[in-house]
Amino acid sequence: MKFENLLFALRYPLVTMEYVYGKYYKKKSDRLRWHLTRSKVAYLKTRSSLAELFDCSLSMVSRAKDDLDSSRILKELSKISHQAKPPPLSFAEMTIVYLTVRLLKPVIAIETGTGRGFASSAILQALEDNNMGILYSIDIKHGSGDVIPQHLKHRFVQHIGSSKDMLPKLLKDLKKCNFFLHDSIHTYEYMMFEYECVYPYMNEGDILASHNVKFPPKGKTAFEEFARENTNNISSVFIYQNLGLMRIGQSH
Ligand SMILES: C[S@@+](CC[C@H](N)C(=O)[O-])C[C@H]1O[C@@H](n2cnc3c(N)ncnc32)[C@H](O)[C@@H]1O
C-alpha cells in the first residue's frame, strides 16, 4: 500500500471502507452502467460511484465534501426546505448536485424549475467554490429563487417563462451546456422534451441530470428511456434516490 493511500485511509476510514466495499460489489453490465442506489448499502457507495463517474480519486470527492460541510449552506437550507411546496431535492440529493458540479467544473450550467432555489443554491455554491461558471435558471413563476443567498447571485441568471419556450431560445444563444438539471414539470413528455432539447448542445464529459427520474413508479420512465435510446453516446448513468445523472460520451 502506498504511503499516501495509508494516510488517506487513516484520515477517512469510513470513506475507505465504502471504496473497498463499492469495488467489491461493483457490477458492470454492457455499455450502460446503472448504479441503482436504493438501499443503505448503496448510500455507502455514493462517493465511490461519483469517483468512478468522474474517473477521479476518492480523495478529490472527499475534499469537495469537506468544502461543502465548511460552507454550511445546505445545512442552513435544509432547516427550511421541509416547508417548501412542491418539495425540492432532498438534502442528500443536493449534496450530490453540489459534488457533481464541483467535479465537473461547468462553464455553463442550466436548470429548469428554479422553485425557491434550493438546487440552485447547491449549484451556485459549487460554482463559487470552483471559482468559475454561470447558472441559467428557468421558471414559469416570478419571484422564484428567494432562498438563494445574496453573495451567490452574481453567478445566477434568471429567465421567467415556460421551459418549452425558454430552453430552446437559451440554448440557441449559449450554444452549449456543460451541466443540465431538469426540475420543472415531471411528466414523461415534458421530461423527454427537455432532455432531447439540451442533449445536442452537450459534449463529451458533460452531465445531464434530472430530478424525479423514478416517475411514474410503474411503467416507463423518461430518464431510463432516454438513456437507452442514446446508449451509444452515454458513458455512465448514476441514480441516487430520485436524482439521475448521465455522463455524455463513449464508454471506455
Ligand atoms: C419541484 S419545483 C422546483 C424546486 C427547485 N428545483 C428547488 O430545488 O427549490 C418545480 C418548479 O417548476 C416550475 N415550473 C412549472 N412549470 C414550468 C414550466 N413549464 N417551465 C419552467 N418551470 C416550470 C414551478 O413554478 C416550480 O417552481
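This is a predicted model: local features need pLDDT of at least 70, side-chain atom pairs count only at pLDDT 80 or more; totals for chains, interfaces and linings use all residues.
Visitor: What makes the phi of Arg-72 worth noting, and where is the residue placed?

Guide: Its phi is near 60°, a positive value in a residue other than glycine. Arg-72 lies in the loop between helix 4 and helix 5 (73-81). Helices (H or I, at least four residues) and strands (E, at least two) are DSSP runs, numbered from the N terminus.

Visitor: Which class of exposure does Lys-175 fall into, and what is its phi?

Guide: Lys-175 has 8 C-beta neighbours inside 10 Å, so it counts as exposed. Although Lys-175 is not a glycine, its phi is positive, about 70°. This residue belongs to the loop between helix 8 and strand 5 (179-182).

Visitor: How do you know what span to expect of helix 4?

Guide: The expected span is 1.5 Å times one less than the number of residues. Helix 4 (residues 58-71) has 14 residues, for which 20 Å is expected; the helix reaches 20 Å from its first C-alpha to its last, close to that value.

Visitor: Which residues of helix 4 are buried, and why are they said to line one face?

Guide: The buried residues are Leu-58, Val-61, Ser-62, Ala-64 and Leu-68. Seen down the axis of helix 4, they fall within an arc of 160°, so they line one face of the helix. The arc is that of the directions from the helix axis to the C-beta atoms. On the face turned away from this buried side are the exposed residues Arg-63, Asp-66 and Ser-70.

Visitor: What puts the buried residues of helix 10 on the same side?

Guide: In helix 10 (residues 222-229), Ala-222, Phe-223, Phe-226 and Ala-227 are buried. They cover an arc of only 130° around the axis, and therefore lie on the same side of helix 10. Their cover includes helix 9 (188-198), strand 6 (207-211), strand 7 (234-240) and strand 8 (243-248).

Visitor: Why is Met-192 called partly exposed, and which residues does it contact?

Guide: Met-192 has 16 C-beta neighbours inside 10 Å, so it counts as partly exposed. Two residues are in contact if their C-beta atoms lie within 7 Å.

Visitor: What makes a set of residues a nonpolar core, and how many residues has the largest one?

Guide: Such a core is a set of buried Ala, Val, Leu, Ile, Met, Phe, Trp, Tyr and Cys residues joined through C-beta atoms within 7 Å. The largest has 59 residues, and Val-97, Val-101, Ile-123, Val-198 and Ala-209 have the most contacts inside it. Leaving aside neighbours within four places in sequence, Val-101 is in contact with Pro-106, Ala-109, Ile-123, Ala-126, Leu-127 and Phe-179.

Definitions and conventions
Residues are numbered from 1 along each chain as its sequence is written. A residue is buried if 20 or more other C-beta atoms lie within 10 Å of its own, exposed if 12 or fewer, and partly exposed in between; C-beta atoms are placed from the backbone.
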